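Please keep the sequence and the three-dimensional view at hand while reading.

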Amino acid sequence: MKTDPAAPLAESKPRRRGFLGVAAAGMAGVALAPGIRLIEIAQAATVSAGASPKVRWGMLIDTTRCAEGCTDCVDACNTENGIAPATRSTDPQWIRKIEIKEVKTGRSASVPVMCQHCAEPPCVDVCPTGASFKRADGIVLVDRHSCIGCRYCVMACPYKARSFVHEPLADQKPDVPRGKGCVESCTLCVHRIDRGDKTTACAEACAKAGHGAIVFGDLNDPASEISQRIRAATSTQLRADLHLDPGVRYQGL
Amino acid sequence: MTNPRCAFDASPSRGRRQRTGRAGSAASAWVLATILLPAYAGEGRTPLPVLEAATAGTQCVEPADVMRRNHMRFLKHQRDDTVRAGVRGAKYSLRACVDCHASQKTASVAKVETNFCVSCHSYAAVRIDCFECHSSRPQAVAQQASK
Amino acid sequence: MRPAFERLEQRIFYLLVAAGGLLTLLGLGAAHWMEEYGHIVTGMDNQVVWGLPHVFAIFMIVAASGVLNVASIGSVFGQPAYKTRAPLSGLLSLTLLAGGLMVLMLDLGRPERVIVAATHYNATSVFAWNVLLYSGMFTIVAIYLWTMFERRFNHHAKAAGVAVLVWRFVLTTGTGSIFAFLVARQAYQSAVLAPLFIVLSFGWGLAVFLIVQSSMLAWNGRRLDDAVQRRLARLLGVFVAAALYFVAVYHMTNLYFSRQGAFEAFILRDGGVFPQLFWFGYVALGSLVPLGLLFQPRIGARGMLVASALVVLGAFAWLFVFIIGGQSFPLEIFPGYQVHSSFGDGAIARYVPRWPEWLLGLGGVGAAFVLTTVGVRVLDFLPRDDVAAPAPAAKG
């Protein structure tokens, strides 16, 4: 049967136009639809910018304001991070009070010691998987996804800041994941810092109790309280001879 | 010049091929049985996954079939952004998943075998260790418990 | 006569493999227990984080490197008496390394994450370098064994031997550097630890080799040629003396520094079990007595075996003092101050190994034993000193 080449075209023109019209409408609908939500998507929070290298978080601890036997900072840290109070040598301790007494002079002091968040952390150098790392804003952390629990960082730390989790844990704080077989240490309350809180749990508790021994702030900001205080009065770093440049400074030692 | 010794001289067969003896046949039969038997025994032991509904009035950040295939990839990439770069509140936040998918009865995604994450993972026999460290309870409940 | 001996050898073989296999299984069971319940079941805590398993593992890894000395003297320096021993030394290296690494990896807090260690490398970490060095060691020694067994490749044995020599020097330096790079601890932070470990590896490796060789010869009804025996004994004596020298230099330097005085007093005099192990275990039993035995004008097979066994015991004693003593002594965070806290600051840590740690360490030894026994049975590793005398083709 001979078909007129022009005839099928003429016949299908309205059909094709119609199809194109429907397709265009459909595409427009698909393009617009994501903007129209009948049901709210579960999570519509804003995404934070992340850690900034312009900032260097640090702490200043005035031990002249620390009383022997006072453990407000330790208790606050335990509550904030979901750590059980320590009773055995296998229990993790992120911050502890060390009572020191100078042998020659007899002068004593009470010093809270935690991870010093060094600028040149030996724990970061030795970690085989890179789980121990320094964040852009100076906080030294353990990435528990990569930690294999070799404890080399515990051997390397001069301040005994790191603890190893010796038994299974339950009821962790949602903000502070921690578990058996990994190594952990003070995080400078990174979960609070990242959501905008201006201070750590230990500093806040010390201030609330009226001692005011711990100050937290940005060491890179000359106008911050911590920068002003360390400019005004002498402060020292623990084991400064090791040249690790810790972010935690002490007064009264 | 001596004839160099064959390296296998010390072994009983001196490196020459042997036919399986009675002991060998018995051993092979035993190994095969050990491997194949569990496939036939105990069918229907593992309960099928129970898909508990998430919080009412919400929608997942990705369609279900996308999530089913890719949730591990999303979470793995997101965790590096969160831990290393400090990015919080991003699309694939684990905490947001838990907040939504926690069971109404147990207030957890991993407490009982019918809870959301554990249900599919125990059926698929893929062990997850997320909740050895991460809390499996939604934020509000965990905060209540700590008070 | 021969068929009866072969039947006996067969039974002994299965008995040995069963014994070694049982030990290995117990070790694996202990590792599972530790993984299930956490390190709380061991004697380790937050002060002594590396315990008895590390003592076993580091001994085996260091000995694995040193046992290749015999092969190096044969292949690289061309001494014929050592050439016939090179294959056995290669096998022992592989099996000791396997056993040591098994203990090390099973002692991890998260042993299931070994794959993470194999895929994520921190360029500044000695541990990360070691992962590559140890895996490479297996490959290189395997190739070396192949050049020795495969007739066509025999002329490559020297090149392979040199490669193995260089690799194991780097590897043992890496093992020593694990400790040498720790600036925090008074027991470590010393550059002499790298060469010290190299020299220790020579002695420990040769001692293990001699123990295995004498057992193999005894079970095959052979005797070691007197000249070769004297040579090997003297060599072990030289290595033991050299190691003693390095240990002496390490301690003498420490004693010279005032800031190290308290630590040295702890290790050498006041530390209880540590000075005892050091002086009686390592210096007396592990070094001086073997030196006396080995440099006798005429040393018998039994004397050499006893000397080798004492060297191994001395090695364990020294490693216990080095690894655990180094951790037991508290960190000096406040020099010049007396300190105490809830975290054990300022206090000597007490460490008593518990049974999972013993089983895990011995399990590694068992694994090396099983691998060696099977290897020796399947391939021809027996050192023969009578290759010069040709036997006309009498085999059927």
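**From a sheet to the cores**

In chain A, 3 strands make up an open sheet, arranged in the order β8-β1-β9 with mixed pairing. The model described here is predicted. The edges of the sheet are formed by β8 (214–218) and β9 (248–251) of chain A, each of which pairs on one side only. On average, neighbouring strands of this sheet are turned by 20° against each other when direction is ignored.

The pairing can be followed in detail at one side of the sheet. Strand β1 (residues 57–62) of chain A runs parallel to β9(A), and 4 bridges join the two. In general, the strands of a sheet pair through backbone hydrogen bonds, in either the parallel or the antiparallel sense.

Two helices of chain A pack on this sheet. Helix α6 (residues 201–208) of chain A touches β1 and β8 of that chain, and its direction makes about 135° with that of β8(A). Helix α7 (residues 225–232) of chain A touches β1, β8 and β9 of chain A, with its direction at about 110° to that of β8(A).

Beyond its neighbours within four places in sequence, Ile214(A) is in contact with Met59(A), Ile61(A), Cys73(A), Cys202(A), Ala203(A) and Cys206(A).

Which residues touch the most other members of the largest nonpolar core? They are Cys202(A), Ile214(A), Phe59(C) and Leu236(C), in a core of 182 residues. Helix α9 (residues 193–219) of chain C supplies the largest share of this core, namely 14 residues. Apart from it lies another core, of 9 residues, which include Ala96(B), Ala102(B), Phe116(B) and Phe131(B).

Attention now turns to α9(C) itself. Its 27 residues, at 1.5 Å a residue, should span 39 Å, and this agrees with the 38 Å between its end C-alpha atoms. After α9(C) comes Gly221(C), which has a positive phi, near 70°.

How is α9(C) placed against helix α2 (residues 52–66) of chain C? The axes of the two helices come within 7 Å and cross at roughly 85°. Angles of 65 to 115 degrees count as roughly perpendicular, and α2(C) and α9(C) are therefore roughly perpendicular to each other. On the α2(C) side, the residues that meet α9(C) include Phe59(C), Val62(C) and Ala63(C); among those they meet in α9(C) are Phe197(C), Leu200(C), Trp204(C) and Val208(C).

Note on methods: Residues numbered from 1 in each chain as written. Chains lettered and ligands numbered in written order. Predicted model: local features only at pLDDT ≥ 70, side-chain atom pairs only at ≥ 80, totals over all residues. Core = buried A, V, L, I, M, F, W, Y, C linked by C-beta atoms within 7 Å. Buried ≥ 20, exposed ≤ 12 C-beta atoms within 10 Å, placed from the backbone. Contact = placed C-beta atoms within 7 Å. Expected span 1.5 Å × (residues − 1). Pairing = 2+ DSSP bridges. Axes fitted to C-alpha atoms, helices over the stretch in contact; angles between N-to-C directions. Parallel < 35°, antiparallel > 145°, perpendicular 65-115°, else oblique.
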